[in-house]
Amino acid sequence: MSGPPPPGRPIPDVSPIDHRHARNVILGAGAMGAAAAYHLARRGEPVLLVEQFEAGHDRGSSHGAARIIRHSYADVLYSRLMPEAFAAWRRLEAEAGELLYVKIGGLSLCPPGVDYVARVASSLEEVGVPHRRLRGAEVRRAYPSFAVPDEFDAVFEPDAGLISASRAIAAQIELARRLGAGTTEVLERCPIRRIDLDGERPALLADRLRITADRLIVAAGPWAGRLLPGLADRLRPTRQQVLYLGPDPIGPFAIGRLPAFICKGASPSEAFYGMPDFLGTGVKVARHSGPDCDPDAVDRAVDASYVDLVRDFLRGVLPSLADAPLLRSEVCLYTEAPDAHFLLGPLPGRPGVIVASPCSGHGFKFSCLIGRILADLALDDIPGIDIDLWRPGGHRGDAIGPTGGHDR
Ligand SMILES: Cc1cc2nc3c(=O)[nH]c(=O)nc-3n(C[C@H](O)[C@H](O)[C@H](O)COP(=O)(O)OP(=O)(O)OC[C@H]3O[C@@H](n4cnc5c(N)ncnc54)[C@H](O)[C@@H]3O)c2cc1C
């Protein structure tokens, strides 16, 4: 029987703090963290990937069957990056032995008086990406589900498509493990309470665990602002609602009949997107806009008024989808910078601490490429991509953002 320690003897510490050290620590196993782990491992680097939930969870930004990939950006800066991003996905597919990109074509649309499509078409022209400009009547002929007025402007990009989101993340983590041959570790269910930047080396503080790193990549998505309060104004989590509709018949909304689409009106909140039925999930439709939120306390139930709003949008553009049964809905989080640009690079004065967020609701398509850039930065290589605009502490000047503030 053990009694209290004898008088004068210290009470033993019942919750000792474990210390760990690793050369490359990545905080967050979403799209950006998984891609960084894969690229570091393929360059022979050991990796410790730390995740508060389980890898592949559905509480951040990266879960779900698919994300749109396209060159079609109003801000040509992002269109120019896409050939490299597509190449990064192709290399990953070859290495994983798995198809992750599905070419389905993409349609960008806008009503008269909005210059979104004109700007997208000019970006595609500049980058030399095949595309076709259409007026409303041609859209209706090519894709009979669309019932847009004659005056609508549209541009079709045949190479646009979908990336299998959850599969892409799982494939990169699997590859990081395989290529790392025992030097890649994924530490799940390990919430980091604080990043300590006071010492020479950055440290992550979890409950009863302190992890120091030679290089730390912070890929914490919507939680990044909490961990790096100095950047919180450029790391705003926002609540996004997504609907999956099940029209009957589904045929006209299948891949090959319906392209991925993005339709933008005059104001940033009038931006809707969607994609055909993919793997039986239903037709995904959402508004690309949502209020600020707390990622730990966000309401995960979709608002009835939001469902009405999306149905109203569909009545004007894809009327045969407007009253389709709602199969499923979900709330997902963006991490937004006010100008909708990325935030990517070492913290000022701390080359060993690299931030990889936010991607303002349009980052998945770049994530495999961003993983490569993060590996370059961690290894002190010069990334082949100019990231000056995105650097924390960098001058964003009069950057207007991907479409004057809101693109995806
Ligand atoms: C509904 C929706 C639709 C989208 N559509 C598109 C699209 O069509 N095309 C496109 O290109 N992009 C799209 N995006 C954007 C894209 O999905 C995101 O840019 C991308 O997934 C962001 O990944 P991330 O790794 O930065 O964040 P996350 O996926 O959120 O990953 C961050 C990870 O860090 C972990 N973490 C955070 N804090 C801690 C902590 N303290 N301790 C331990 N772990 C922690 C989190 O649990 C999480 O797993 C969409 C996003 C949403 C939400």
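**View 1. The bridge between Ala66 and Ser164 in the predicted model.** In this predicted model, Ala66 has Ser164 of strand E8 as its bridge partner. The pairing to which the two strands contribute is antiparallel, with E3 and E8 (residues 161–164) joined over four bridges.

**View 2. The open sheet of three strands, ordered E3-E8-E4.** The strands of this open sheet pair in the antiparallel sense. Strand E3 (66–69) and strand E4 (101–103) stand at the edges, and because each has a single partner strand, one side of each is left without a neighbour in the sheet. On average, and with direction ignored, neighbouring strands are turned by 30° against each other.

**View 3. The crossing of helices H2 and H9.** The axes of H2 and helix H9 (residues 367–378) come within 7 Å and cross at roughly 90°, an angle that makes H2 roughly perpendicular to H9. On the H2 side the contact is formed by Leu81, Glu84, Ala85, Ala88, Trp89, Arg91 and Leu92, which meet Ser367, Cys368, Leu369 and Arg372 in H9.

Key. Residues are numbered from 1 along each chain as its sequence is written. This is a predicted model: local features need pLDDT of at least 70, side-chain atom pairs count only at pLDDT 80 or more; totals for chains, interfaces and linings use all residues. Side-chain values use heavy atoms; hydrogens and water are left out. Two strands pair if DSSP finds at least two bridges between them. Axes are lines fitted to C-alpha atoms, for helices over the stretch in contact, and angles run from 0 to 180 degrees between N-to-C directions. Angles under 35 degrees count as roughly parallel, over 145 as roughly antiparallel, 65 to 115 as roughly perpendicular and the rest as oblique. Contact means heavy atoms within 4.5 Å.
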